[in-house]
Amino acid sequence: MRPNLAYHHTAGTGPTIVFLPGYASDMTGAKALTLEMWARATGRAFLRFDYGGCGASEGDFAEQSLANWRDDALAMIDTAVAGPVVLVGSSMGGWIMLLTAIARPDRVVGMVGIAPAPDFTDWGFTTQDKMTLLQTGRLERPNPYGPAPTLYTRTFWSSGEANRVLARGIDFDGPVRLVQGQRDTDVPWHRTVHLADRIRSADVQTWLVKDGDHRLSRDPDIALIIRAVEDVIDAPC
């Protein structure tokens, strides 16, 4: 049984904008909250939520997998909102975004990726990291955003490897905007350029921020993300 998920839904006109946080993150980050304020001010429907084991949702973080969190996103779309949705995925949330769009082609009409990190269980871990995960079941890394180390588990890593999307490409035909910092040390910007090429839609744009880091949480960065969301919503069907 999946855990009960904490979420905040702002009613408004559609499509509903659904924010998907990054790894070990939650729905209280600057990007999610600022997007929610913008949505409320402009009368647009908006949903933010916490994956199982994260933030205010039930569950044990160490027991979660990428597939679990994809299923959480699907559950939110299926039960908390109606009609078309635009997905906004940050970092790992960009991977969840792609998996969700593949699973719900009748619901997802647009996507905005913020330093998206699909398939990072492949390219984001060294050979030694992968051996540690396979042998011990867990890996801890220093966390540049907080005092506690970031935990990765063999369960999550194995699920990621089973759900890689870039090799086969992404069958999606709606508008897509990818916002990426060129000083991102977690997701090299050339990977986002490659992702754009792997999405079938002709309406895909990659917006590079030359001095942007992985978080893209400065006021100008968030303003650019809002513009990307507006661009997707206003794109012709």
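Reply: Strands are DSSP runs of E with at least two residues, and helices are runs of H or I with at least four, each kind numbered from the N terminus. Please keep in mind that this is a predicted model, in which local features need pLDDT of at least 70 and side-chain atom pairs count only at pLDDT 80 or more, while totals for chains, interfaces and linings use all residues. Residues are numbered from 1 along each chain as its sequence is written, and side-chain values use heavy atoms, with hydrogens and water left out.

These two strands belong to an open sheet of 7 strands with mixed pairing, ordered 1-3-2-4-5-8-9. Strand 1 (7-10) and strand 9 (204-209) stand at the edges with a single partner strand each, so one side of each has no neighbour in the sheet. On average, neighbouring strands are turned by 15 degrees against each other, direction ignored.

Helix 1 (residues 30-42) packs on this sheet and touches strand 1, strand 2 (13-20), strand 3, strand 4 (85-90) and strand 5 (108-114), contact meaning heavy atoms within 4.5 Å. The direction of helix 1 makes about 160 degrees with that of strand 3; such angles run from 0 to 180 degrees between N-to-C directions, along lines fitted to C-alpha atoms, for helices over the stretch in contact. Helix 7 (residues 189-198), in turn, lies across strand 8 and strand 9, at about 170 degrees to strand 8.

Leaving aside residues up to four places away in sequence, Arg 44 touches several others, among them Thr 10, Trp 38, Ala 39 and Asp 234. Arg 44 is buried, that is, under 20% relative accessible area, against over 50% for exposed and in between for partly exposed (1.4 Å probe, protein chains only). Yet Arg 44 has no salt bridge, and Asp 234, the nearest side chain of opposite charge, is 4.2 Å away. Lys and Arg count as positive and Asp and Glu as negative, with His and the chain ends not counted, and a salt bridge needs a side-chain nitrogen of Lys or Arg within 4 Å of a carboxyl oxygen of Asp or Glu.

Definitions and conventions: Two strands pair if DSSP finds at least two bridges between them.
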